[in-house]
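Hi,

Here is the structure I promised to pass on.

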Amino acid sequence: MERFNIDTCAMLVELNISVWTARKLDRKVSDEVVVGKKALSKGAARVNKNLLAGRNELDVIGQHAGAVRNYVYSMTMPWSDSGTGIRLLPAVRFAEFNARMLKEEAQHVALVDSFVNVYPSLITAQAMALGDMFDRNEYPAPDRIRNRFSFNVSYLPVPKAGDFRVDVGNQATAELQDKLSRLADERIAKAMDDVRTRLKDHMQRMSDRLSIDIVDEVAKPRRFHDTLVESGLELCDLAKSLNIINDPDIEAARRGLEQALTGVNAVTVKTKKATKELSVADTLREDMHQREATKAKVDALLNKLSW
């Protein structure tokens with residue numbers, strides 16, 4: 001692979017969000033199920049009870065955490081295989097990304113504050129909701145429940161082989177630097193594969209949803225959501241910065257998809273009150289000629305892909 005100064009055009013980012021699960025293994029009920037079902041193995045069943053069953057105050061925090069993780073994945077590329085969640089962020093996206101993370105952290109804190117405020121009353125309510133399964137000792141103390149939540153974003157520079165300084169001898173140092181260089185190349189290649197996959201997957205989805213089926217000799221256009229167009233345009237904009245090695249094939253695919261979407265001429269419809277210009281998505285629903293032309297452009301792009 002051609003050498004790139006990846007450390008100057010990207011950085012590493014790691015997101016860590018912790019949310020209390022409110023789940024607890026109930027050994028007593030587990031044993032009752034095993035005995036009641038006449039299982040021979042004591043570990044045949046494990047009953048994990050939901051300490052906040054029937055409540056949604058905790059769910060909103062988990063849903064927010066999931067949305068933040070999805071945003072981070074969309075804005076970054078894979079870097080580490082260790083499962084630590086370290087991702088590669090293009091430097092040109094840092095200001096936008098960091099501003100969003102500060103906003104999401106503030107939202108996380110606000111949601112946790114709301115939950116902490118009602119937490120004592122939730123425990124009282126669950127005494128009736130869980131019946132004989134309720135055990136007050138399984139709930140963290142109200143003054144400690146906040147410690148079960150966290151939100152942290154860390155930024156790190158991309159390591160450079162030349163920065164590897166350990167007193168193990170010149171030959172060993174050279175071998176370690178070479179290994180780090182090859183590892184960086186592999187990770188960059190993986191990151192670029194992620195961008196390629198995103199583009200290809202969206203093109204394939206567009207090709208499928210823009211198809212027109214013939215049922216009983218009647219044309220039946222397949223349904224699609226507005227996000228087919230909206231997310232496609234967002235991907236085209238994002239892929240420009242994600243392509244940190246300026247791969248010409250990725251840029252050609254990105255530009256081709258962008259041109260296919262922006263090349264749709266909005267249809268104008270007249271109503272009794274006003275004249276309205278349809279969105280690109282609605283135009284592709286109403287104008288079968290443009291729909292077929294756009295699908296043909298996308299199919300042509302797919303046929304040209306080398307991956």
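One cut-off before the rest: a residue is called buried under 20% relative accessible area, exposed over 50%, and partly exposed in between. R209 has a relative accessibility of 27%, so it counts as partly exposed. Please keep in mind that this is a predicted model.

First, the overall picture. The protein chain has nine helices and ten strands. It runs to 307 residues, and 36% of them are buried. If you take the contacts between residues at least 6 apart in sequence, 72% join residues at least 24 apart.

Next, the inside. The largest nonpolar core has 51 residues, and the members that touch the most others in it are L88 and M192. Which residues does L88 contact, once its neighbours within four places in sequence are set aside? They are I6, A10, M11, L12, T76, M77, W79, V158, A191 and I244. There is also another core, apart from that one, with 17 residues; I61, I123, Y139 and F149 are among them.

Now the charged pairs. As a general point, side chains of opposite charge can pair when their charged atoms come close.

Start with D208. Its salt bridge to R209 has the closest N and O atoms 3.0 Å apart. At a relative accessible area of 32%, D208 is partly exposed, as noted for R209 at 27%. D208 also meets R222 in a salt bridge, this time at 2.5 Å from N to O. D208 sits in helix α5 (residues 170-209) and R222 in the loop between β8 (218-221) and α6, so this pair ties together parts 14 residues apart in sequence. With a relative accessibility of 26%, R222 is partly exposed. Through shared partners, salt bridges join D208, R209, D213 and R222 into one network.

The other pair I'd show you is D113 with R146, whose side chains form a salt bridge at 2.6 Å, N to O. This one links distant parts of the chain: D113 belongs to helix α4 (residues 94-129), while R146 is in the loop between α4 and β6 (150-157), 33 residues away. D113 is partly exposed at 29% relative accessible area, and R146 is partly exposed at 39%.

That loop between α4 and β6 also holds P142. Is P142 buried, exposed or in between? Its relative accessibility is 35%, so P142 counts as partly exposed. P142 and Y119 are 23 residues apart in sequence, with 6.8 Å between their C-alpha atoms. Leaving out residues up to four places away in sequence, P142 touches Y119, P120 and R136.

Then there is the loop between α6 (227-242) and α7 (248-262), where you will find D247. N243 lies in that loop as well. Both are buried: N243 has a relative accessible area of 5%, and D247 has a relative accessibility of 12%. What does the side chain of N243 reach at 2.8 Å? It reaches the backbone nitrogen of D247. The side chain of D247, for its part, reaches the backbone nitrogen of D249, also at 2.8 Å. Not counting residues up to four places away in sequence, N243 touches M192, I250 and E251.

Last, a helix pair. Two packed helices are described by the angle between their axes and the distance between the axes. For α7 and helix α9 (residues 288-304), the axes come within 9 Å and cross at roughly 175°. Angles over 145 degrees count as roughly antiparallel, so that is how α7 runs relative to α9. On the α7 side the contact is made by G256, L257 and A260, and on the α9 side by T294, K297, V298 and L301.

That's what I have for now.

Cheers

Note on methods
Residues numbered from 1 in each chain as written. Predicted model: local features only at pLDDT ≥ 70, side-chain atom pairs only at ≥ 80, totals over all residues. Heavy atoms only, no water. Helix = DSSP H or I, 4+ residues; strand = E, 2+ residues; numbered from the N terminus. Buried < 20%, exposed > 50% of the residue type's maximum accessible area, 1.4 Å probe, protein only. Polar contact = N/O pair within 3.5 Å; in protein donor to acceptor, adjacent residues only side chain to side chain. Core = buried A, V, L, I, M, F, W, Y, C linked by side-chain atoms within 4.5 Å. Contact = heavy atoms within 4.5 Å. Salt bridge = Lys/Arg side-chain N within 4 Å of Asp/Glu carboxyl O. Axes fitted to C-alpha atoms, helices over the stretch in contact; angles between N-to-C directions. Parallel < 35°, antiparallel > 145°, perpendicular 65-115°, else oblique.
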